[in-house]
Amino acid sequence: MIISVFTEKYKTIQRKLINVAVIEYDGNFIPATAQWDTGATGTCISKGIVSRLNLQPTGMINVQTPSGIGTMNKYMVNLTLNNEVTILNLPVMDSEIGNQGIDVLIGMDIISMGDFAVSNFSGKTQFSFRIPSQEHVEYHR
């Protein structure tokens, strides 16, 4: 079994969990900024990434966002997170997330593939992610 894992460490408490990513489609690789969101069920990419990679929709998907209900284009890409974790043939949808300064919004479709933990010890945020899941993370007094 191959285990992929990374830990992202910050120097201060963070309100957003951001890390580097690479999106690959048809042999073209684009560096990207990814934000992790446990409130999102699916992973989204910015319309700018769609344009830069000249992605062609593989279908449509109905989504519900805080702004309302809509239909978005669906694409298939390969995604590498922190140069450590690669997800192949990942269905993603396009979104206006580029307006927030990010290229990828990591949703629960990816987070639920493994183990995800966040800590804020000593005034510094860090988060770790590994695929596949290895065990439950449980805290005790």
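User: In this predicted model, which residues does Ile23 touch, not counting residues up to four places away in sequence?

Analyst: Ile23 touches Asn28, Phe29, Ile30 and Ala32, then Ile45, Ile49 and Leu53, and finally Val77, Asn78, Leu79 and Val104. Ile23 itself lies in strand S2.

User: Why is Ile23 called buried?

Analyst: Buried means under 20% relative accessible area. Ile23 has a relative accessible area of 0%, so Ile23 is buried.

User: How far apart are the C-alpha atoms of Ile23 and Thr41?

Analyst: They are separated by 19 Å, with the two residues 18 apart along the chain.

User: What makes a set of residues a nonpolar core, and which residues have the most contacts inside the largest one?

Analyst: The members must be buried residues of the nonpolar kinds, joined through side-chain atoms within 4.5 Å. The largest such core has 29 residues, and those with the most contacts inside it are Ile23, Trp36, Leu79, Leu81 and Ile106. At least two residues of this core come from each of strand S2 (17–25), strand S3 (28–36), helix H1 (47–53), strand S6 (68–81), S7, strand S8 (104–106), helix H2 (108–111) and strand S10 (126–131). There is also a second, separate core of eight residues, including Ala40, Val63, Met72 and Ile97.

User: Why might nonpolar side chains be found in such sets?

Analyst: In soluble globular proteins, nonpolar side chains tend to be buried together. As for burial overall, 39% of the 141 residues of the protein chain count as buried.

User: What makes Ser46 count as buried?

Analyst: The cut-off is under 20% relative accessible area. Ser46 is at 3%, and therefore counts as buried. Ser46 is found in strand S4 (residues 44–46). Leaving aside neighbours within four places in sequence, Ser46 is in contact with Ser95, Ile97, Gly98, Ile102 and Asp103.

User: Is Ser95 buried or exposed, and how do you know?

Analyst: Ser95 has a relative accessible area of 13%, so Ser95 is buried by the cut-off of under 20%. Ser95 lies in strand S7 (residues 85–95). With neighbours within four places in sequence left aside, the contacts of Ser95 are Cys44, Ile45, Ser46 and Lys47.

User: Is His136 buried or exposed, and why?

Analyst: Exposed means over 50% relative accessible area. His136 has 76%, so His136 is exposed. This residue is found in the segment after S10. The C-alpha atoms of His136 and Phe116 are separated by 9.8 Å, the residues being 20 apart along the chain.

User: How do you know whether the radius of gyration of the protein chain agrees with that of a compact globule?

Analyst: A compact globule of 141 residues would have a radius of gyration near 14 Å; the protein chain has 15 Å, so the two agree. Along its principal axes, the C-alpha trace spans about 50 × 35 × 25 Å.

User: How many helices and strands are in the protein chain, and in what order do the elements run?

Analyst: The protein chain has two helices and ten strands. From the N terminus on, they run β-β-β-β-α-β-β-β-β-α-β-β. Among contacts between residues at least 6 apart in sequence, 56% join residues at least 24 apart.

Key
Residues numbered from 1 in each chain as written. Predicted model: local features only at pLDDT ≥ 70, side-chain atom pairs only at ≥ 80, totals over all residues. Heavy atoms only, no water. Helix = DSSP H or I, 4+ residues; strand = E, 2+ residues; numbered from the N terminus. Buried < 20%, exposed > 50% of the residue type's maximum accessible area, 1.4 Å probe, protein only. Contact = heavy atoms within 4.5 Å. Rg over C-alpha atoms; globule rule 2.2 N^0.38 Å.
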